[in-house]
Amino acid sequence: NLGNRPANHATPTYIANHVNELAKEIGGFTVEILEEKDMKKLGMGSLLSVSEGSVEPAKLVTMQYKGGKKDAKPIVLVGKGITFDTGGISLKPGAKMDLMKWDMSGAGSVIGTMCAVAASKLPVNLVCTVALSENMPAGNATKPGDVVRSITGKSIEIENTDAEGRLVLADAIGYARIQGQCRLIDVATLTGAAVIALGTTTSAVMGNNQSLINQLLKAGESTGEQMWQLPLFEEYKELNKSKVADLKNTGGREAGSITAACFLSEFAEDTPWVHMDIAGTARTNKTKGYLTVGSTGVAVRSLVRFTENLANESS
């Protein structure tokens with residue numbers, strides 16, 4: 001429903017408020033909302049560089065559900081929530097730009113997963129963080145060539161402002177890791193390259209922990225959500241190196257979905273982490289079975305099953 005809602009309605013503020021309403025309606029989880037002033041104090045220069053040109057303020061929303069043992073480490077889900085993506089100063093072509101209201105589908109899937117887990121009262125601990133922002137061109141918008149610093153201290157050269165999803169995720173992942181969280185899965189409509197590689201029926205999966213990847217793939221297999229693992233070899237990381245900063249936010253045309261995941265891996269560091277690129281699977285332009293045209297809610301079924309499986313293993 002959030003994915004299908006027009007971007008003039010489903011702003012970062014609207015979605016943050018909606019999450020609060022869902023928490024009251026469903027119960028079982030708490031909500032924390034960081035405003036731009038809070039993010040600035042924390043040093044989230046990467047995320048804030050994306051919202052710079054928009055009149056809509058960015059939000060970082062964290063939901064916590066404590067259904068498991070008190071000392072059990074939580075599963076952490078992070079979602080990309082770009083409520084509308086013009087590309088910023090690196091402006092996208094006008095044709096089909098209306099589809100960019102779906103660029104918050106990763107956040108939508110993460111919110112949906114939290115609601116399902118809380119409603120089902122699963123015996124697990126779950127933390128869900130969504131980074132919400134618009135990406136707009138303006139006189140004060142971030143420019144290609146600008147350098148910003150992330151919450152982890154890493155500097156980033158912004159080579160292309162349309163590679164904004166990895167910028168908001170960098171700080172969201174860094175925020176979760178700095179808080180001591182582990183077992184991270186991020187979900188994002190991140191790259192057109194994932195659509196070229198796998199089309200619109202299969203989500204790309206990458207990460208630094210094969211056990212966690214296998215668990216997610218198993219959950220996808222059992223729910224009918226198709227996923228395929230792509231490699232994160234060290235050679236790909238070279239493509240993200242910058243001459244003026246620690247990293248640049250694009251790795252070029254080759255292996256675009258992989259270099260985007262390599263960029264995110266720099267912020268996950270040694271925390272067990274999996275990245276799910278749903279750029280091709282988040283929406284459909286034709287009716288498929290019980291799915292109608294529009295948002296597919298992809299990843300919700302798999303993430304809930306993944307959570308159920310972990311709950312069964314620990315019980």
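Which residue just after H5 takes a positive phi? Select Gly180: its phi is about 90°. The model is predicted, so local features need pLDDT of at least 70, side-chain atom pairs count only at pLDDT 80 or more, and totals for chains, interfaces and linings use all residues. Residues are numbered from 1 along each chain as its sequence is written, and side-chain values use heavy atoms, without hydrogens and water.

Next, select helix H5, residues 165-178. Helices (H or I, at least four residues) and strands (E, at least two) are DSSP runs, numbered from the N terminus. Of the 14 residues of H5, 13 are buried, so the rest of the structure largely encloses this helix. Buried means under 20% relative accessible area (1.4 Å probe, protein chains only).

Move to the open sheet of three strands, in the order S5-S6-S10, with mixed pairing. Strands pair if DSSP finds at least two bridges between them. S5 (147-149) and S10 (247-248) are the edge strands. S5 and S6 (residues 155-157) run antiparallel, joined by three bridges; select Val148 to find Ile156 of S6 opposite.

Last, select Lys92, Leu190, Thr191, Gly192 and Ala193, the closest to the centre of the largest pocket among its 40 lining residues. A pocket is an open set of points on a 1 Å grid over the protein atoms alone, where a 1.4 Å probe fits, with protein on both sides within 12 Å along at least five of seven lines; lining residues have an atom within 4 Å of a point. Helix H6 gives the most to this lining, four residues.

Technical notes. The expected span of a helix is 1.5 Å times one less than its number of residues. Buried means under 20% relative accessible area, exposed over 50%, partly exposed in between (1.4 Å probe, protein chains only).
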